[in-house]
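This report describes side-chain pairing and helix packing in one structure. The sequence and the model are shown first.

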Amino acid sequence: MRIVWTNRVSDELDNNLSFWLNKNKSNVYPNKILDEIEKLEKQIKENPLFLCRYIESLNLFQRFATIDKERIEISIEDV
C-alpha cells in the first residue's frame, strides 16, 4: 500500500512546518505535527478503508483527517 499526498496538501504541510519553525524558532512543534502524521499513516496502512470514500473515476480512496484542528486530505492508492 502506498499513501499519496495531494500536491496541495504537501505544499500546505511544507508551508505550515516552515511557519511554525520561523514563528517559534524551534522545531519542537513541527516535529509534533510530523509525529502525528506518521501515526495517521500507520493507522491508514493498518485499516485503509476506515472513514474513507472511494472515488471510482480516480480509482482511489480519499480520507480526511484532522491534526491540531487543521483538516488534511490524503489520497490512498492500492498499488
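## Aromatic pairs, helix packing and salt bridges

The count of aromatic pairs comes to 2, where rings of Phe, Tyr and Trp (its six-membered ring) pair if their centres lie within 6.5 Å, with planes under 30 degrees apart counting as stacked, over 60 as edge-to-face and the rest as tilted. In one of these, Phe-19 and Trp-20 are edge-to-face, at 5.0 Å centre to centre and 80° between the planes. Trp-20 also pairs with Tyr-29: the ring centres are 4.9 Å apart and the planes lie at 70°, so this pair is edge-to-face.

The model is predicted, and local features need pLDDT of at least 70, side-chain atom pairs count only at pLDDT 80 or more, and totals for chains, interfaces and linings use all residues. Residues are numbered from 1 along each chain as its sequence is written, and side-chain values use heavy atoms, with hydrogens and water left out.

Phe-19 is partly exposed at a relative accessible area of 45%; here buried means under 20% relative accessible area, exposed over 50% and partly exposed in between (1.4 Å probe, protein chains only). Trp-20, at 24%, is partly exposed, and Tyr-29, at 23%, is partly exposed.

Helix 1 (residues 7–24) and helix 2 (residues 28–46) have axes that come within 8 Å and cross at roughly 150°. Helix 1 is therefore roughly antiparallel to helix 2 (under 35 degrees counts as roughly parallel, over 145 as roughly antiparallel, 65 to 115 as roughly perpendicular and the rest as oblique). Helices (H or I, at least four residues) are DSSP runs numbered from the N terminus, and axes are lines fitted to C-alpha atoms over the stretch in contact, with angles from 0 to 180 degrees between N-to-C directions.

The salt bridges number 2, each a side-chain nitrogen of Lys or Arg within 4 Å of a carboxyl oxygen of Asp or Glu.

| Salt bridge | Closest N and O atoms |
|---|---|
| Glu-36 with Lys-39 | 3.1 Å |
| Glu-46 with Lys-42 | 3.9 Å |

Glu-36 and Lys-39 lie 3 residues apart in helix 2, and are therefore separated by about one helical turn. Glu-36 is partly exposed at 30%, whereas Glu-46 is exposed at 59% and Lys-42 is exposed at 53%.

Technical notes
Helix = DSSP H or I, 4+ residues; strand = E, 2+ residues; numbered from the N terminus.
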